[in-house]
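Biologist: I would like to learn how to read a model of this kind. Could we go through it feature by feature?

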Amino acid sequence: MIADIVVLVHLAVMFFITAGLPLIYVGRALHWAWVRNRWWRLVHLGAITFVAAESLAGVVCPLTLWEDVLRGRQSSQGFIERWVDWILFYDFPTWMFTLAYAVFAALVALTWFLVPPAKRSGSS
């Protein structure tokens, strides 16, 4: 049961990261103020930066490790690799995921400048 909770948390983080970027652009077009919230944007940028950095360093995500330990298994695949493989039955090489994470992180960082977060209230 705890392993299932870890998977749900992992999925929530994955959706937050992946859906966050297009939502920023949609929100800009629709004038949604929350997509310019500085804290939300910092957490979003930090999350994808963490994922890209751990992948570039060859480190397996801690959530994947926790799930594996809780299920009594050991795997060299990352969370997304495992689910893409399961869903598509296609084994992409790890370097493709690392490249995708790094490119996505660069896009999120670029978005910081293209759709800047709101300035803090009370700051000059």
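Biologist: Where is Phe-104 placed?

Modeller: This is a predicted model, and in it Phe-104 sits in helix 5. For Phe-104, with residues up to four places away not counted, the residues touched are Ile-17, Thr-18, Leu-21 and Ile-48. The C-alpha atom of Phe-104 is also 8.4 Å from that of Ala-52, a residue 52 positions away along the chain.

Biologist: How many helices and how many strands does the protein chain have?

Modeller: The protein chain has five helices and zero strands. Read from the N terminus, the order of elements is α-α-α-α-α. Of the contacts with a separation of 6 or more, 63% join residues 24 or more positions apart.

Biologist: Which residues make up the largest nonpolar core?

Modeller: That core has 12 residues: Ile-17, Leu-21, Leu-45, Ala-47, Ile-48, Val-51, Ala-52, Phe-97, Tyr-101, Ala-105, Val-108 and Trp-112. At least two of its residues come from each of helix 1 (2–30), helix 2 (38–56) and helix 5 (94–114). Take Ala-47 as one case: beyond residues up to four places away in sequence, Ala-47 touches Phe-16 and Ile-17.

Biologist: What share of the chain is buried?

Modeller: Buried residues are 30% of the 124 in the protein chain.

Biologist: How do I check the length of a helix, say helix 2?

Modeller: Compare the expected span with the distance between the end C-alpha atoms. Helix 2 has 19 residues, so at 1.5 Å a residue the span should be 27 Å; the ends are 26 Å apart, which agrees.

Biologist: And which residues of helix 2 are buried?

Modeller: The general idea comes from the turn of the helix. An α-helix has 3.6 residues a turn, so residues three or four places apart point the same way. In helix 2 the buried residues are Arg-41, His-44, Leu-45, Ala-47, Ile-48, Val-51, Ala-52, Glu-54 and Ser-55. The buried residues of helix 2 pack against helix 1, helix 3 (62–71) and helix 5.

Biologist: Glu-54 is in that list. Is Glu-54 counted as buried or exposed, and why?

Modeller: Glu-54 counts as buried because its relative accessibility is 10%, and the cut-off for buried is under 20%. Apart from neighbours within four places in sequence, Glu-54 is in contact with Val-59, Val-60, Cys-61 and Pro-62.

Biologist: What is found at the start of helix 2, and what just after helix 2?

Modeller: At the start, a side-chain oxygen of Asn-37 comes to within 3.0 Å of the backbone nitrogen of Trp-39. Just after helix 2, Gly-58 has a positive phi of about 75°.

Biologist: Which residue other than glycine has a positive phi?

Modeller: Most residues other than glycine have a negative phi. Here His-31 has a positive value, near 60°. His-31 belongs to the loop between helix 1 and helix 2 and is exposed, with a relative accessible area of 71%.

Biologist: How many aromatic pairs does the structure hold?

Modeller: The structure holds three aromatic pairs. To read a pair, look at the distance between ring centres and the angle between ring planes. Phe-16 and Trp-40 have ring centres 5.8 Å apart and planes at 85°, so this pair is edge-to-face. The pair links distant parts of the chain, with Phe-16 in helix 1 and Trp-40 in helix 2, 24 residues apart. The rings of Trp-34 and Trp-40 are also edge-to-face, because their planes stand at 90°, with centres 5.3 Å apart.

Biologist: Which residues form the aromatic cluster?

Modeller: Phe-16, Trp-32, Trp-34 and Trp-40 form one cluster.

Biologist: Last, is Val-69 buried or exposed?

Modeller: Val-69, which lies in helix 3, counts as exposed at 64% relative accessibility. The C-alpha atoms of Val-69 and Ala-3 are 8.5 Å apart, although 66 residues separate the two along the chain.

Terms used:
Residues are numbered from 1 along each chain as its sequence is written. This is a predicted model: local features need pLDDT of at least 70, side-chain atom pairs count only at pLDDT 80 or more; totals for chains, interfaces and linings use all residues. Side-chain values use heavy atoms; hydrogens and water are left out. A nonpolar core is a set of buried Ala, Val, Leu, Ile, Met, Phe, Trp, Tyr and Cys residues joined through side-chain atoms within 4.5 Å. Buried means under 20% relative accessible area, exposed over 50%, partly exposed in between (1.4 Å probe, protein chains only). Helices (H or I, at least four residues) and strands (E, at least two) are DSSP runs, numbered from the N terminus. Contact means heavy atoms within 4.5 Å. The expected span of a helix is 1.5 Å times one less than its number of residues. A polar contact is a pair of N or O atoms within 3.5 Å; within protein, one must be able to donate a hydrogen and the other to accept it, and residues adjacent in sequence count only if both atoms are side-chain atoms. Rings of Phe, Tyr and Trp (its six-membered ring) pair if their centres lie within 6.5 Å; planes under 30 degrees apart count as stacked, over 60 as edge-to-face and the rest as tilted.
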